[in-house]
Amino acid sequence: QVQLVESGGGLVQPGGSLNLSCAASGSIFRLYAMGWYRQDPGKQRELVATITSGGTTNYADSVKGRFTISRDNAKNTVYLQMNSLKPEDTAVYYCNAKGLTLRLNDFESWGQGTQVTASS
């Protein structure tokens, strides 16, 4: 079993910043891609940003230039620095991780979600 624990969400004024963290723990042999997704009520979950174990990143067009994804492989942790937040960034943000368990089985895990609200 692999668990993802997120932290760092909250309420911020438009133009403000937040930093999300997600730590993976459990029966992990290797982590491959990690990423962040978000979901508004009544809408589909959408990709925000992903990062491979080698550091290659991918961003949704809507967040390019404002959000930065990074990871600490030694800590099995992924971060999302969000700057210049807009009201349309308001959503529940979910962490995602893919990899191999100690039994060399593929896994994909999701965090419990953290609310991000950009509002005055």
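This is a short tour of the chain, stop by stop, for use with the structure open in a viewer. The model is predicted.

**Start: the whole chain**

Show the chain as a cartoon. It has eleven strands and zero helices. Read from the N terminus, the order of elements is β-β-β-β-β-β-β-β-β-β-β. The radius of gyration is 14 Å, close to the 14 Å from the globule rule for 120 residues, so the chain is as compact as a globular protein of that length. Along the principal axes, the C-alpha atoms fill a box of roughly 50 × 25 × 20 Å.

Of the 120 residues, 42% count as buried.

Colour the charges next. There are 11 positive and 9 negative ones, and their mean positions lie 4 Å apart. Turn to contacts after that. Among those between residues at least 6 apart in sequence, 54% join residues at least 24 apart.

**Stop 1: the disulfide**

Select C22 and C95. How far apart are their sulfur atoms? The distance is 2.0 Å, and the two residues form a disulfide. The structure holds one disulfide. It links distant parts of the chain, with C22 and C95 73 residues apart. C22 sits in strand 3 (residues 18–26), and C95 sits in strand 9 (residues 91–101).

Look along the S-S bond. The torsion is about -85 degrees, so the disulfide of C22 and C95 is left-handed. Are the two cysteines buried or exposed? C22 is buried, at 0% relative accessible area. C95 is buried as well, also at 0%.

**Stop 2: A49**

Move to strand 5 (residues 46–51) and select A49. A49 has a relative accessible area of 0%; because buried means under 20%, A49 counts as buried. Which residues touch A49, leaving out those up to four places away in sequence? They are G35, W36, N58, Y59, I69 and L80.

**Stop 3: the loop between strands 8 and 9**

Go to the loop that runs between strand 8 (77–82) and strand 9, and select L85. L85 is buried, with a relative accessible area of 2%. Show its contacts, again leaving out residues up to four places away in sequence. L85 touches V12, P14, G15, G16, S17 and L18, along with R66, F67 and A118. L31 is elsewhere: L85 and L31 are 29 Å apart, C-alpha to C-alpha, and 54 residues apart in sequence.

Step back to S84, which lies in the loop between strand 8 and strand 9. S84 is partly exposed, with a relative accessible area of 40%. Check its backbone. Phi of S84 is near 50 degrees, a positive value in a residue other than glycine. Most residues other than glycine have a negative phi.

**Stop 4: N76**

Select N76, in the loop between strand 7 (67–72) and strand 8. What is its phi? N76 has a positive phi of about 50 degrees, although it is not a glycine. At 25% relative accessibility, N76 counts as partly exposed.

**Stop 5: G9**

Select G9, in the loop between strand 1 (2–7) and strand 2 (10–12). G9 is partly exposed, at 32% relative accessible area. Beyond residues up to four places away in sequence, G9 touches L18, L20, T114, Q115 and V116. G9 and A91 are 82 residues apart along the chain, and their C-alpha atoms are separated by 10.0 Å.

**Last stop: Q13**

Finish in the loop between strand 2 and strand 3, where Q13 is placed. Is Q13 buried or exposed? At 56% relative accessibility, Q13 counts as exposed. Draw one more line, from Q13 to A97. Their C-alpha atoms are separated by 29 Å, and the two residues are 84 apart along the chain.

Technical notes: Residues numbered from 1 in each chain as written. Predicted model: local features only at pLDDT ≥ 70, side-chain atom pairs only at ≥ 80, totals over all residues. Heavy atoms only, no water. Disulfide = S-S within 2.5 Å. Helix = DSSP H or I, 4+ residues; strand = E, 2+ residues; numbered from the N terminus. Buried < 20%, exposed > 50% of the residue type's maximum accessible area, 1.4 Å probe, protein only. Rg over C-alpha atoms; globule rule 2.2 N^0.38 Å. Contact = heavy atoms within 4.5 Å. Lys, Arg positive; Asp, Glu negative; His and termini not counted. Charge placed at Lys NZ, Arg CZ, Asp CG, Glu CD.
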